[in-house]
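Hi,

Here is the structure I promised to pass on to you.

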Amino acid sequence: MEQENRVLEQKPASEKKTLQEVLHSEKRDDAILSVRNLHVSFKTDDGLVHAVRGVSFDLYKGETLCIVGESGSGKTTLLNILAALDRPTSGQVLLNGKDLGKIHEKDLATFRRENLGFVFQ
């Protein structure tokens, strides 16, 4: 299987693009995973925690995605949303064009079994 990689290159500050600009520089309609303006917030005793803020990206067949960050930066929360284990506060996740937010709670286990695979850390 041929793998496609998008590489962030070091460029002068005037030429640098944000991660969002790089991820959206290709306009294609064949994404296997599309995430749009994803937000996840939790209420705690200390107030509102914004675990995921405005994440948007597309993943295409043959690509590999690595999610890295410091402890507490929202990686596991994001993965739980992408795996349809939790629901976002707002935003949209499409897997092969199917909106995960529109799958009825009682149908999620079947959807996960038939469409997703998990490798836990």
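Asp58 and Arg36 form a salt bridge, with 2.6 Å between the closest N and O atoms; the term stands for a side-chain nitrogen of Lys or Arg within 4 Å of a carboxyl oxygen of Asp or Glu. Arg36 belongs to strand β1 (residues 33–44) and Asp58 to strand β2 (residues 47–59), so this pair ties together parts that are 22 residues apart in sequence. Asp58 counts as buried at 7% relative accessibility, while Arg36, at 31%, counts as partly exposed. (Buried is under 20% relative accessible area, exposed is over 50%, and partly exposed is in between, using a 1.4 Å probe and protein chains only.)

Before the rest, a word on the source: this is a predicted model, in which local features need pLDDT of at least 70 and side-chain atom pairs count only at pLDDT 80 or more, while totals for chains, interfaces and linings use all residues. Residues are numbered from 1 along each chain as its sequence is written, and side-chain values use heavy atoms, with hydrogens and water left out.

The structure has 4 salt bridges. Another of them joins Asp107 and Lys106 at 3.5 Å, N to O; here Asp107 is partly exposed at 35% and Lys106 is exposed at 64%. Arg113 and Glu114 also meet in one, at 4.0 Å, and both of these residues are exposed.

Now to the sheet. Its 4 strands are antiparallel and open, in the order β2-β1-β3-β4. (Strands are DSSP runs of E, at least two residues, and helices are runs of H or I, at least four, numbered from the N terminus; two strands pair if DSSP finds at least two bridges between them.) The edges are β2 and β4 (98–99), each with a single partner strand, so one side of each has no neighbour in the sheet. Between β1 and β2 there are 9 bridges, and Phe42 has Val49 in β2 as its bridge partner.

Finally, the largest pocket has a volume of about 800 Å³. (On a 1 Å grid over the protein atoms alone, a pocket is an open set of points where a 1.4 Å probe fits, with protein on both sides within 12 Å along at least five of seven lines; lining residues have an atom within 4 Å of a point.) Of its 22 lining residues, Leu79, Leu82, Ala83, Gly117 and Phe118 are the closest to its centre. Helix α2 (residues 75–82) gives the largest share of the lining, 5 residues.

Best wishes

Note on methods: Points joined across faces, edges and corners; volume = space filled by probe spheres on them.
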